[in-house]
Structures are given as structure tokens and as C-alpha cells.
Amino acid sequence: MIIKLWLLLFLLFLSFFVKAQESVKTKVQDSLAEAKSSTTNISEVVIQPVPRKVKLNDGNLVLSVAGNKDFKTSTHLLDVLRKTPGVTVDQEDGIFIGGRITPAVFIDGKPVAMSNQELQAYLRSLSPEMVESIEVNTNPSSKYDAEFKGIIDIKLKKNIRLGWKGSYNGNIYINKFNYRENALNISYNTGKVTYSVQAGYNEGISTYRYNALQRLANTNIMRTHTYQEDFGKVYNLQMGADFRLNDKNRLGLSLRGNFRNNDRARNGSLFTTDKSETQTVLNTVSENPTNYLQDNYGITTDYSFQNKGFKLSFLGNYLSVKNKQNDDFINRDQGTADILSYWRSDLVNKITIYTAQIDASQKINNIDIEAGFKYSNSDTDNHIRYDTLSVGNQFVFDPARSNIFSYKEKIWAGYLAYRQKIGNVQINAGLRFENTNSISNAVTVDSVIARNYLKWLPSLSVSYTLNTSSELSLSYSRRITRPAFSQLNPFRFYFSPLNYWIGNPYLLPSFTSQIKATYRYKNWVASFTIGKEKDVMTRYPLYNPETNVLEYLGTNLPYRNFAVLEASFPISITKWWNITTQVAGYYNYEFRPYLDDVFALNIYNYEVRLNQVFSLPKGFIVNVFGSYESKTGNSLYIIKPRYTIDVSVQKSWFDNKLNTKIGFNNLFDSYEQRLEFRHKQIMDNRFTHWWDSSRLVFSFSYTLGSSKYQVKETQKTEEENRTR
């Protein structure tokens, strides 16, 4: 029944699009017939044809960025992604597609092996003018790693002219405190070799607040308040060289480093009363100063050989991440200032990843056959030591909280893909295998869990081009999601002295099968996705009324069903006023056993985003971006509605070499996240996360360079040819 309902909604969207096509055509003809009539009178809105900036590539949305007025006022690429149809960026710069999927990020068709923090810093260093296009793939084929449930492929603009070229980008964010970003990009092209250097430095203070209420029926009531200030410094340096050995061979090498230093001050309070709220049971304050260091080093090398219809490529990645963190947890009585508890932690976490991938393809007439193999090896070691203040004011080792945990994972993978175009029909079929060998070792509790499993993952897509303006595609894929290290580590990660989450080393990987249909008419795009995920990884709360401790534990749910209906369509009201509307509807059904009961609810929610661009005289561009998210959640929690509005202005100077932007993000400070536990007969738990995303933004970018002579491109991949 649910599936039929969503299919009906999708058909209604398609019929709406067809009617819209006829409306556009009719109004354009009328406007041509009445050329002398005013088309700028807003009381009689005439929808003008919009220059094409959207297309499909195997059913994936491809959006042009550089020169696109929708992104002229964006400060960096993360800001561009916030306005990209089907993509969401949260307050902590986390990227999601399809509502809840964390995508892999590719640069020029290649996956980037970066930590989350390094990736965010890199994306913030890219201005819109440096990016040619973005491709959003919400249903990757068997060619890609099975853990990639979604892909965002960023195609950078290349320096195809002889000589050097550079750019500087600077951003300042101001509210109670301020944060500054600086990025310098330089490239030098000799014709045979292109050298590139990217350097960045970011510094400033960010703030965060957390408020919570928690109680079981007929027990004490606890209220928690937390305020955090985080002063951070980030340095990054990346150097690369792209060698054009000859017309058939290319070799690339990239070296990079990213270094982060954060000093965080977190202060909180815990106020506890009896169930009648008339008697104070506990009133404490806490201090949690933290020093955090992260060092990232990465090496990427790629080689490609192309001769007529044959292509061979190799991609190798090495990533080393080292995290160090020192915490003090001090808990005092509010009235007397006496220390109730005091412990310290010393964390060292090391991650090492190696990957090697070989791909080969052969074109035979209108058929492409492609095959590839990949090997990846990742080692993660976590050492955390806790020392607790004893009665004699001496710190002693705390074995109950301390932790030594390691996780090693090796993956052998391969795929075979078939591609053929028959008239206006494009067919893609593929089959992938992945063999995973993993060992998790909780040394502290002497627990070793080894797994070895082989999975086959098929994919199929069919695209049909109706005409130059319309396309239709249908795709299917099966994907895998493996648990991350933090989800497996069976030790405590503290939010406060009485609130923490614990990993589960017995978590199983989840498997997702989904079907997606996409239709495009010019710049209007609609898509419908439906699927099922088994062994869903999630967390659940467990409250102990005797100790007042709230734990969040990891588990696998049996399954969930989901569906996503998305549409985006630009409308040109006048020559100087353009609106891009994005609408998305989500359906989620989880089968969730919890305590001694089973909860299974149908959850519906929607999002609406409007991106308005005003092209004013003298080259000024004004952007007003608004986003609304309806009430949503899962079987246990309700997530309350929220909205945000951003306003910005952009102006170019000196023949577009200088770009200046000023804006205000989250104008009404209305984008906090509020959650509430659904089942009050079990527990009353409400909490709010607030980030300092409401701030004034100044942005400055300048393009340098003396490049005058264009280099002839001697080699293009089939993918590059298809996306032009």
C-alpha cells in the first residue's frame, strides 16, 4: 500500500512536470508574440526560459558551478553543496544525500582518502569559481566501492593555459566570536607538466550549547545544561604534479598534510529534583577542559594509459591520521564547590589506510567492457588511559574506564561492468564482489572478534533520451555499510559525567537494496527512490534510575523500508529575478525492538528550499536562501521542525579578478536541533543541540596569473567526453 502511494505521488510529479513544460512553451510563445508588452511587470509573471545548467549523467544530477549565478554569493564549496538539490550540509559541516546517507567525495572522478576534518577543511578552501561541476550520484553502480551508498563527484577547473595561475580566498565569520579562513592556490603549467600548490590556515572560536531533560516514570527529574567554547587552528599544505608523458600516458602525484590544534572549554550543570519537583536531590557543576591535536599525512598517485578504445588506470592512496586528546573531568557541588569526582584521560588514536586500485576498459563499437580490482588495508589503534583522583588527593589508574582497542580490516574487491548504447537507450550492468576480513581486539577485556565474509553486489541502470530536453532513467543497486571504528569500540565516550555512549564490537554490516527513477526536462528534475536496508546500525538510550546514568548503546535493527521523492525546478520571474525551488519528501519505516517491546512506525517528513537570486545594476548579485525541515525522527525519537534563512551580496571587480561577498547566515538563529523521546511511559527525554551558525560573513577572493596560451588537450577519458 505504501509503495503504491509513493508511486502515485511520483506519477503526479511527472504529470506536473509535463504540464509545466506545456506552460513554459505557451508562455514563451505568448511573450514572443507580444514582444512590446512588459515582461518585467511582476503582477503578470512570465516564466522566462532559463539557460541550461543541469543535466543527467547515467541518471545522476550534474550541476555546473563556476559562472552559475545560484552560487555567485557562496563563500566556498560547502556553501555550494548546501544549495545543491538533494544535498544537505548540517551545522557541523557533515554532508548528507537522500536524507541520511553520508556520501563519498570524489575529486575529478577519483575518491579522496581524507579524514572528515581534513575533507571539510579542503572543501572550505575551494571557491565556487574553482569548480566546474558537481555530480550527485545517489545510486552508485557496481563499479564503485560497495560502502559508497552515495557519491558527490567534484570536477575542478583545470589550468589548460601555459604559465602560472593562482588565487587567494579569505573568509571571516563574526558573531560573539569570529573565525577566519585563508586559502592560497597556485598552479604552473609547462605544457608537459602541471605543478600545483595549495596552502591554508584557519583560526577562530566556535561555540556550542546542549540542554537536556531526562527521567523515567516515577523517578527523579534531571536537567542538564552545557556550554562549550572551542578555539581551533588548522594548517594544511598540498602539493601535486601532473605529468603528460605523451599522448597516451599520464602520471600524477600528490602529497598533503593537515594539522589541527583545538583547545576546548566545556562547562555544564546538572540539577536533579524529586518527581514532584519540590525537593532538590543533586545540584552540581562540571568543567571539562580539553586539548586536541590531529596530524594527517596523505599520498596519492595515479597513472593512466589510453590508446584508441583501450584504457588502463592505477590509483594508489596512503593516509596516516594521528589523534591525541587530553581531558579533565571535574564535578563539583554547586553550593559548596567541593569536588565530587575528578578524573583525567589521555587518548592516542592512530589510523593507517592503504588502497590500490587497477581498472581496465575496452571499447568495441558501441559497447564498453570494464573490469577492475581493488585492495584496501586499514589499521586503527586506540589507547585511552583514565586516572581518577583518590581520597588522598592522588591520581590513580582507573582500569574500568581505560581502554586498549584495535581494529584491522582488509578488503579484496573486483567488478565487471558492461555498457552499451542502442539508439536513445543507454544500458549499464555490473557485478561486484567484496571479501572482507576484519579483526577487532578489545585488549582491556580480552575480547577478540574475527569476521570473514564474501558478498556479491549487482547493479543495473537504463537511461532513455526522449529528446535534447528530456531524459528518463531507472537504476538498481545493492550496497553494504560496514560499522565504523567508533561504533565498534566497546568503551565509554563521555558527553558529561552521567551521559556517554558505548560502541558494540558485535555490530554487523548492513545491506541496502534500492531502485531509483529520475526524469529531467531542461533544468527541471524529479526523482523517486525506494529501498530496504537490513541489519540497520543505530543507537538506543538506556537510563539507570539508581545511578541516573544515561547510556547510548549500539545495535542492529532487523530492517527498515524507505522512500525518497525529490524535485528541483528553476523559474525565471524576470531577467533579474530567478528562483530555484527544491522539494523533498521522505518515508521511513523501522522495525525496532526496544526493551521488552517492539516499535514500528511510519515516519513521513519533507524539506523545502528556495534559492532566490537577484541580478541588480552595476553587477551586484543578491541571494536569499531559505530552508524548512518538517517534523521527523524515528521509532523512538521525534525531531522537531526547524528552518534557516541566509542573505548575501556579491560583486566582482577588475574584470572578474576580484570577488567580494558579504552575507548573514541563519539570520534568525533558528536552526537548532530539538529531539524528544516518543514513549513517555518509558522515559521522558528531551534535548537540544545548538551551534553558532548565525553569523555575519565577509568573503574576499582574488585571481592571479599570467597564463595566455592554451595547451592542447591530448587525452580525455570517456567519462569526460560524456559530461561535456
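The model is predicted. Its secondary structure comes to five helices and 37 strands. The protein has 724 residues, and 51% of them count as buried. Take the contacts between residues at least 6 apart in sequence: 65% of these join residues at least 24 apart.

Start with the nonpolar cores. The largest one has 29 residues. Leu77, Leu81, Ile95, Leu123, Ile134, Ile152 and Ile154 have the most contacts inside this core. Two helices are among the elements that give it two or more residues: helix H2 (77–82) and helix H3 (116–124). Leucine 81 shows how the parts meet. Leaving out residues up to four places away in sequence, leucine 81 touches Val87, Val89, Ile95, Leu123, Ile134 and Ile152. Another core lies apart from the largest one and has 20 residues. Ala212, Tyr543, Ile682 and Met683 are among them.

Turn now to the aromatic rings. The whole structure holds 28 aromatic pairs. One of them is formed by tyrosine 168 and phenylalanine 700. Their centres are 6.0 Å apart, with 55 degrees between the planes, and the pair is tilted. This pair links distant parts of the chain. Tyrosine 168 is in strand S9 (residues 163–174), phenylalanine 700 is in strand S37 (residues 695–705), and 532 residues separate them. Are these two residues buried or partly exposed? Tyrosine 168 counts as partly exposed because its relative accessibility is 28%. Phenylalanine 700, at 36% relative accessibility, also counts as partly exposed.

A second example joins tyrosine 559 and tyrosine 589. Their ring centres lie 6.2 Å apart and their planes meet at 35 degrees, so this pair is tilted. Tyrosine 559 sits in strand S27 (residues 549–574) and tyrosine 589 in strand S28 (residues 577–594). The two tyrosines are 30 residues apart, and the pair links distant parts of the chain. Tyrosine 559 counts as partly exposed, at 23% relative accessibility. Tyrosine 589 has 18%, so it counts as buried; the limit for buried is under 20%.

Ring pairs also build a cluster. Its members are Tyr210, Tyr540, Tyr594, Phe599, Tyr637, Phe677 and Phe687.

Charged side chains meet rings as well. Arginine 209 lies over the face of tryptophan 690, at 3.8 Å from the ring centre. Lysine 651 has its charged end over the ring of tryptophan 653, 4.4 Å from the centre of that ring.

Next come the cavities. The structure holds nine of 30 Å³ or more. The second largest cavity has a volume of about 260 Å³. Which residues lie nearest its centre? They are Leu61, Pro85, Gly86, Ser527 and Glu566, from a lining of 21 residues. Strand S25 (510–521), strand S26 (524–544), S27, S28 and strand S29 (597–615) each supply at least two residues of this lining. S28 gives the most, with four residues. S28 is also the strand that holds tyrosine 589.

Two single residues complete the tour. Arginine 642 lies in strand S33 (residues 642–653). Is arginine 642 buried or exposed? Arginine 642 is buried, because its relative accessible area is 10% and the limit is under 20%. Neighbours within four places in sequence aside, arginine 642 is in contact with Gln91, Ser627, Tyr628, Glu629, Ser670, Tyr671, Glu672 and Gln673. Glutamine 673 is 31 residues away from arginine 642 in sequence, and their C-alpha atoms are 7.4 Å apart in space.

Serine 447 is found in strand S21 (residues 447–465). Serine 447 counts as buried, at 19% relative accessibility. Its contacts, not counting residues up to four places away in sequence, are Ser440, Asn441, Ala442 and Tyr506.

Notes
Residues are numbered from 1 along each chain as its sequence is written. This is a predicted model: local features need pLDDT of at least 70, side-chain atom pairs count only at pLDDT 80 or more; totals for chains, interfaces and linings use all residues. Side-chain values use heavy atoms; hydrogens and water are left out. Rings of Phe, Tyr and Trp (its six-membered ring) pair if their centres lie within 6.5 Å; planes under 30 degrees apart count as stacked, over 60 as edge-to-face and the rest as tilted. Buried means under 20% relative accessible area, exposed over 50%, partly exposed in between (1.4 Å probe, protein chains only). A charge sits over a ring if NZ of Lys or CZ of Arg is within 6 Å of the ring centre and within 35 degrees of the ring normal. A nonpolar core is a set of buried Ala, Val, Leu, Ile, Met, Phe, Trp, Tyr and Cys residues joined through side-chain atoms within 4.5 Å. Contact means heavy atoms within 4.5 Å. On a 1 Å grid over the protein atoms alone, a cavity is a set of points where a 1.4 Å probe fits but cannot get out, and a pocket is an open set with protein on both sides within 12 Å along at least five of seven lines; lining residues have an atom within 4 Å of a point. Grid points are joined across faces, edges and corners, and a volume is the space filled by probe spheres set on the points.
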